[in-house]
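Grab a pencil and work through these exercises one at a time. Try each task yourself before you read its solution.

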Amino acid sequence: AAEVVYEGDVVTFTATPTDGYGFISWTVNGEVVSTENPYALEITESVDLVANFDVNPELNRSAWSVYTVSSEYAGMDGSDYVTGDRAIDGKLSSYWHTDWDNAANKKVPQWIVFDLGAVKSFDSFNYVSRSESQTANGNIGGYQLYVSDEAPSLEDLTGTMTMVNEGTFTYPGQEHQVELGKVAKGRYVMLYATSTHGEGGANQF
């Protein structure tokens with residue numbers, strides 16, 4: 001039976017995509033009213049709320065930035081191509097390189113926190129390693145993924161964010177797609193490396 005709601009009630013709607021699809025937005029009369037999932041709607045009138053999905057959608061990265069990193073190497077041969085922001089520039093020729101020149105920073109854990117610019121929902125993520133070799137210097141082994149709607153404390157990142165996934169990246173292969181098995185939501189996303197492959201240590205990702 002249909003649930004009866006009254007004007008002023010707040011109803012929470014949850015969209016559950018089938019395999020191969022991802023949630024995009026809620027619309028009313030063709031206009032986007034929210035990209036949050038679940039979505040809490042205060043009832044003020046009769047509306048037709050539509051959940052929209054797409055095949056394997058990718059988030060727009062144009063508003064993304066790096067909130068913080070555990071360390072980064074600010075230059076190599078006069079270049080800055082190994083700073084944290086290179087992890088999201090879409091180029092395989094550049095990468096984030098932790099501070100290999102400082103012995104204190106050549107160990108795990110290492111982390112990078114992204115600011116997506118707004119709260120976003122996602123159910124998978126891709127990690128592109130520097131190399132496809134299992135023994136390559138710095139390739140991430142164990143990892144944890146955290147999210148937060150609000151800016152996390154720089155003094156306690158894991159304590160002010162929520163872990164939504166953990167696992168181990170395996171090789172060969174340079175691109176690693178991870179299905180979360182659920183919808184995660186947050187503005188801030190942290191990839192937290194707990195171990196690395198190879199003998200070189202956690203100095204280049």
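A salt bridge here is a side-chain nitrogen of Lys or Arg within 4 Å of a carboxyl oxygen of Asp or Glu. Keep in mind that you're looking at a predicted model.

**Exercise 1. Salt bridges**

*Solution.* 
- Step 1: Now the surroundings. Buried means under 20% relative accessible area. Asp115 has 11%, so Asp115 is buried. Arg187 has 27%, so Arg187 counts as partly exposed.
- Step 2: Asp85 also forms a salt bridge, with Arg86, and their closest N and O atoms are 3.1 Å apart. Asp85 is partly exposed because its relative accessibility is 36%, and Arg86 is partly exposed too, at 21%.
- Step 3: Why can such pairs form? Side chains of opposite charge can pair when their charged atoms come close.

**Exercise 2. A threonine in a loop**

Locate Thr83 and decide: is Thr83 buried or exposed?

*Solution.* 
- Step 1: Thr83 lies in the loop between β6 (65–69) and β7.
- Step 2: Its relative accessible area is 12%, so Thr83 is buried.
- Step 3: Look at its side chain: a polar contact of 2.5 Å joins it to the side chain of Asp85.

**Exercise 3. A hairpin**

Describe how β2 and β3 are arranged.

*Solution.* 
- Step 1: Strand β2 covers residues 21–28, and six of its eight residues are buried, so the rest of the structure largely encloses β2.
- Step 2: β2 pairs with strand β3 (residues 31–34) in the antiparallel sense, over three bridges. One place to check is Thr27, whose bridge partner in β3 is Val32.
- Step 3: The two strands make a hairpin with two residues between them, and Asn29 in the turn has a positive phi of about 55°.

**Exercise 4. The nonpolar core**

Which residues touch the most other members of the largest nonpolar core?

*Solution.* 
- Step 1: This core has 22 residues, and the ones to pick are Phe125, Leu145 and Phe169.
- Step 2: The elements giving two or more residues to the core are β7 (110–128), β8 (142–148) and β10 (175–193).
- Step 3: Zoom in on Phe125. Leaving out residues up to four places away in sequence, Phe125 touches several residues, including Tyr143, Leu145, Phe169 and Val178.

Note on methods
Residues numbered from 1 in each chain as written. Predicted model: local features only at pLDDT ≥ 70, side-chain atom pairs only at ≥ 80, totals over all residues. Heavy atoms only, no water. Core = buried A, V, L, I, M, F, W, Y, C linked by side-chain atoms within 4.5 Å. Buried < 20%, exposed > 50% of the residue type's maximum accessible area, 1.4 Å probe, protein only. Helix = DSSP H or I, 4+ residues; strand = E, 2+ residues; numbered from the N terminus. Contact = heavy atoms within 4.5 Å. Polar contact = N/O pair within 3.5 Å; in protein donor to acceptor, adjacent residues only side chain to side chain. Pairing = 2+ DSSP bridges.
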